[in-house]
Each structure stands twice: as structure tokens, then as C-alpha cells.
Amino acid sequence: MNAPQAIKETILLKDGREVTIETGKLAKQADGAVVVKCGGTMLLATVVAAKEANPGTDFLPLTVDYREKFYAGGRIPGNFFRRETKPSDDEVLTMRLVDRVLRPLFPDDFHAEVQVMISLISYDKEVMPEALAGLAASAAIAITDIPFNGPMSEVRVVRIDGKLSINPSYENLLKADIDIMVGATKDSIVMVEGEMKEISEQEMLEAIQFAHEEIKVQIQAQERLAERVGKSLPKREYCHEEHDEEIREKVWKECYDKVYQIAKIPSNKEERAEKFQAILDEFLAPYAEDEEELERVTPFAETYYHDVQKEAMRQMILEEQIRLDGRDPFTIRPIWSEVDYLPGAHGSAVFTRGETQSLTAVTLGSIKDANLIDSVITQHDEKFFLHYNFPPFSTGEARPLRGTSRREVGHGNLAQRALQAVIPEDNPYTIRVVSDILESNGSSSMATVCAGTLALMDAGVQITKPVSGIAMGLITDEKTGKWTVLSDILGDEDHLGDMDFKVTGTADGITACQMDIKIQGLSMDIMEKALLQAKEGRLHILGKITETLSTPRPDVKPHAPKMVLMEIPKDFIGAVIGPGGKIIQQMQKDTDTVISIEERDEIGYIEIAGTDREKINQAVAMINEIAFVPVVGEVYKGKVVKIMDFGAFIQLAKGTEGLLHISEIDWKRTDKVPYKEGDEVEVKFMGYDNRRKMKLSRKVLLPRPQKENKPKAEQNAQS
């Protein structure tokens, strides 16, 4: 049997690299399957959609799955089972990046189950795979008859030395001061997420525009591929919703004005929900006598009533600039915060904005507590990480706990990126930040950023600047062309609005962002307005944060671990450890510290952790004695260990002695060494002689005597 002939399309990137999309060779029983290749990196993407929707389903049951096969990089998984198990956080984040662009592009009335699976099957360290995942997923759908308002694609934009480029290698990514993933259709930006090093709003817009131009080229390639496969048109027919126009008209007629009036009265989330539910109950009350009719009407009424709520809220904002809680579009909800709330934590804070509240704690640890990242792409220790928890009680719900959700992973990662930029490079600690959301009504991830800033400062972590975050919303009307950008959105404004745009940063620039768009054709004018309005909000929130605590505490809490990092020459590592670890174990016992040693690049990196600063200093002194290497020109205080006629031997550290020759004791002639054993003497290390013996001098630390200016006749007479 001959291998089938694949259909291919090629994309030429600006840097000269080629990306190929091929179909027709692998996974042919799926509705759509493509292999995307760039360099040695290859992704297999498949899509399957059910022919019909499951009864009672009124949403799109879309599943996006991304997995990295360890064989792709020639590795065996390091876990106990030696096989790929549950997805890593990085894989989950890639799933979310693809899902958030795909989901709004399916028709609103399409409810069949759709499963998109993306697998990394080959990895080349010069090409990071997540930048190609969106392209692969969209291309797999584009060559099917599944209803889809795409294609779309995603690119990773970085800026290195002031120059923008896309889809970098992992090595180049580490050099970037802008790192964002952008997802878009041919006409509209749909998703943006990434981190930056305090960039301006204009710089961010330039990066997004740069990404969109590259995405358009990739979409054209997908369109060509779909045309060659013969699946560009038509799409499959479906009917996943039933409607009753009579009930629709009645719901709008009887409920719209009532909903509008309730929406205009400022209230909290619970009160508003009760009042809205009362209007729906009132509408359904006449049907209560006929159970069959009530059962038939209720699903239609609930669907149309949701549309009424959405339109009433939107028109109220567009026409009257009034929001559900009574604010105008620019006002930030009331804020209160406090620090040092948890006496047992190393740092803690409570941050409350409106009806959203985060209790955040910081724990400081040693290098042994670092988070091990083990993936096909990289293996390294992560010394700063943030975990976000969203329990059901935060929204007044009772539901089972099923482990960490994809949403929790995504929100935690956004907050981590926001704060990562201000963690100092010489930070000696492993830092774990945990945000527990206790109340939620809009932008709990941004509350996490604010609480995280306060908790880090309370813990004595010397962050470079405080960071705040805000979530922006958008309401648009296609008929009139009107639009309004909202600052600090509520949960309902997120759910019923057209945009969720989270922006974090310091007073000097943006550090992270996450944007999801629910409409087609978001203009750059709207995006620019949102960014500038977000800046005003961020600075307002930053002011509230710094009223509580403006700078990091000068030191960590008394019960928190203290940490010192040291470097010693590689040759001394064995001496510090001792035979069978005897010396380092005794050192830890004597000083009540934990000492870790790691060899990197011919250097021994030592971490000393403990709660008593004095004992840590004692351990430092012990190590310095063992690994002492004198520096030419430095001054040391040494101890006289032996007196000879020609000088004194001075011990600078344990096992390190040098000769202070009698001629180097003073500028004046010295006939006898003026010291006894045990005396302490300050000397300067002058280097080594021809026999590699240390040369010390004390006289160079003393004032040099001035020569006397005697009359020449007197000098001659004396001679």
C-alpha cells in the first residue's frame, strides 16, 4: 500500500523560516487533522464534532486538549510511571490560550460536542510549540464542514533589543522585555496575554498590531488549504435550538422595562439577583396552573429573559452611563486593605475591592522548596510561584471540589507574571504566594495581584515597585456604533459585556495583561482607549495600596527564615562538605541552619537558611574559613601563629598562613619582631613569591615617613 499524498501549504515568516501545514496523511478518521511543522517542531492537531447536540444542551461543549509527548524531545518522563500523566500547568495554559480564541468563533446556536486535540510530536529547541498550537487547531477545523467563523491564528510576539519578532526560541525568549501571545481572525483581535517589563501603552499596541499582520498571512494559508481540500464551503447544516417567537415577544414586552428600572437602582450582587429572579417568577406565575405548559414555557422564558437582562444593562450604560451598582464607566469600587493579618504566615494581606476579596499569604523557603519544572521544553527550578484558589463559597455556591481547575491555573499564572517583574534578581528566597478568593464579583485575579503586592512587602521581600491590576470591560451597539469602556468591571459586566481586559503594572509601565474579546472587529481606537483608561484606574488602585503599606519592610518576620547566598571556588566544595558530609552536617548542627550547595559553571553556590541571623553569620564565617581565597590588595586581620628571626607567620583563615617578613613590619628598620603568638595584626596581601608563598605587609598600611630636606652643605659634611 502506497502512502497517501499529503496536501501542503507553506507560510514564510519574516525571518526566513518556513511553516508548513499538511493534511491527508495522518489521523484520517477524525473530521479534520493537520500537521504543522516549523524547523524540527511538529504538532498534530485533530478535531471531531458530534453530528447532533445532546438533548438539553444550551451551550457549546468545546474541549481543547494540548499534550507534549516526551519522545518529541528524545526524553523519558521523569515521574514514577515513566509515561505522560495529567497535563502540566504549562500544557493547561496552552489549552486555555487556544480555547479562548476558538470558542467565540463558533456560532452561538451551535451546541454539538467538539473536541480539539493538539499533540507535540517533535520538538526543536529553536521553535517553541505553543506559538503554533492555535494555528494547528484552527487549520484542523478549517478543512472540515464544522460551522466556524474562522480561521484564526496565534503568534508569540517578543521584543529583544528594541526589535519585534515572532515565535522565538526558548533561549531568545529569556532576553525579551515584551512577551505576548496574540490570537486573532483576519479582521479582529480576539485574545492577548503576556508579560512585559514596564512598557508603555503605545508600545503594547505596536506589538499587537505587529502580531496581527503576521496572523493575517497564516490565515490566508489556512484558507488556501481549505479550498484545496474542498471544505471551504458549505458547512454542515444543524438545528440545535428551538424557539417560540410568541414567548420571545411576550418576555420582551412584559419584562424589559421592569428589568431596566431594577438595573438603574444601585444594589449588591445578591439583592440584584433576587430582584431579577422575582421578575421572571412573576412572568411564569400565570403558567403555574398547567404543569405541562409551565414545563414547556420555562426554558424559552429563561433564554429570552437572559437576552432582556443583557440588552437592558447594555442600553443603560450606553445611553445613561449608569452601571448596575450605580457607578459611571470610570469609577473604581471602594477599596480597603490590611497587612499582617495572619500571624503564622511570613507575610499576608487582605485586599477588598467592592464585592471581590483576596486573602493572600507569602511563604519564604530555601532552594530545596523551589518548584521543579520538568517538560519537553525546559527543566529548571522556579523560585517564585503563585497559586490561586477559587472556592465555591466565594460566589455563594455549593458545588463539589474537583481539584485545581483550568481557570485557577490561568488566573494564578496571570498574577504570577504580573508580580514576577518586580522580584529582585538577587532574591535569595524561594517565594510561594497563595491567593484564596473569599468573595468574587469581578476580577479576582486583579485582586490577587494587589493583595500579592501587599503580602510580599509585608513579608520583607524587597520588590522593586508595587504592582496593581484592573479589569476593563466594553459595551458596544452594532446598530448605532456606540461603545463605552468600563473600568473595574463587575461579574455581570464581564458575563454580559463584550470584553474582559485585565492590565497590571507599576507606576512606570505595564507588567502583564490578559484580554478576551466576544465581538468581531475590535478597533485599535477602542483598545487604545481601554489601555489609557486602565492606566488611570491602575494608578488610583496603586495609591490605595500604598496608603496601607508603601514600601517593603526592611527585614523578614522574626519567625521567617533568613537566607544568605554565597559563592565559593569549585575546588573548595569538597572541603566544605567533608568526608561523608561530616563537616557540613556538624556545621548545620552547630549553627542551627540548613546549608545547600550546588555546582554551576565552575562555581559553588551555597545557600544558608535559618531563623537566627547571628547563627547564619556564624555559618558564613565557618565557610569563609574553609574556602578562604585571599585577594591581592585586600586588607585582612590575621593572628600571629609563629615567630621567627626573619618575621612572623600570620594566619588569615583556617589553613591559610603567610609570612610577614621583618622588613615589611614598619618603614623604620626593625631588628626584632614586635609581636607574640596570638596577637592580631592587620596586614595587606601583596601576592605570591616565586615559590607560591604568600607575601604580607603591614608597613604599607602605615603613613610613609617624609624625607628631611636638609641644606646640601650639611648633607655633604655628614657624608
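The legends below describe close-up views of a predicted model.

**View 1. Stacked aromatic pair of Phe300 and Tyr304 in helix α7.** Among the ten aromatic pairs that the structure holds, the one formed by Phe300 and Tyr304 is stacked, with 6.3 Å from centre to centre and an angle of 15° between the planes. Because Phe300 and Tyr304 are four residues apart in helix α7, which spans residues 291-320, about one helical turn separates them. Both partners of this pair, Phe300 and Tyr304, are buried.

**View 2. Edge-to-face aromatic pair of Phe685 and Tyr688.** The ring centres of Phe685 and Tyr688 lie 5.2 Å apart and the ring planes stand at 80°, so this pair is classed as edge-to-face, a term used for planes over 60 degrees apart. The two partners are described separately for accessibility: Phe685 has a relative accessible area of 0% and is therefore buried, whereas Tyr688 has a relative accessible area of 32% and is therefore partly exposed.

**View 3. Aromatic cluster of Phe106, Phe110, Phe148 and Tyr238.**

**View 4. Arginine side chains placed over aromatic rings.** Arg407 lies over the face of Phe390, at a distance of 4.1 Å from the ring centre. In another such arrangement, the ring of Tyr605 has the charged end of Arg600 over it, 4.0 Å from the centre of that ring.

**View 5. The largest cavity and its lining.** The structure holds one cavity of 30 Å³ or more, and the space in the largest cavity amounts to about 40 Å³. Its lining is made up of Glu22, Thr23, Gly24, Lys25 and Leu26, together with Ala33, Val34, Val35 and Leu44. Two strands, β2 (18-23) and β3 (32-38), are the elements that give two or more residues to this lining, and β3 provides the largest share of it, with three residues. By residue class, the lining of the largest cavity divides into five nonpolar, two polar and two charged residues.

**View 6. Cis peptide bond between Gly150 and Pro151.** The peptide bond that joins Gly150 to Pro151 is cis, with an omega of about 0°. Pro151 is placed in the loop that runs between helix α2 (130-142) and strand β7 (153-160).

**View 7. Positive phi at Gln321.** Although Gln321 is not a glycine, its phi is positive, at about 60°. Gln321 is found in the loop between helix α7 and strand β11, the latter covering residues 335-339.

**View 8. Positive phi at Asp592.** Asp592, which is likewise not a glycine, has a positive phi of about 55°. The loop that holds Asp592 lies between helix α13 (582-591) and strand β23 (594-600). Because the relative accessible area of Asp592 is 53%, and exposed means over 50%, Asp592 counts as exposed.

Methods: Residues are numbered from 1 along each chain as its sequence is written. This is a predicted model: local features need pLDDT of at least 70, side-chain atom pairs count only at pLDDT 80 or more; totals for chains, interfaces and linings use all residues. Side-chain values use heavy atoms; hydrogens and water are left out. Rings of Phe, Tyr and Trp (its six-membered ring) pair if their centres lie within 6.5 Å; planes under 30 degrees apart count as stacked, over 60 as edge-to-face and the rest as tilted. Buried means under 20% relative accessible area, exposed over 50%, partly exposed in between (1.4 Å probe, protein chains only). A charge sits over a ring if NZ of Lys or CZ of Arg is within 6 Å of the ring centre and within 35 degrees of the ring normal. On a 1 Å grid over the protein atoms alone, a cavity is a set of points where a 1.4 Å probe fits but cannot get out, and a pocket is an open set with protein on both sides within 12 Å along at least five of seven lines; lining residues have an atom within 4 Å of a point. Grid points are joined across faces, edges and corners, and a volume is the space filled by probe spheres set on the points. Ala, Val, Leu, Ile, Met, Phe, Trp, Tyr, Cys and Pro count as nonpolar, Asp, Glu, Lys and Arg as charged, and the others, Gly among them, as polar.
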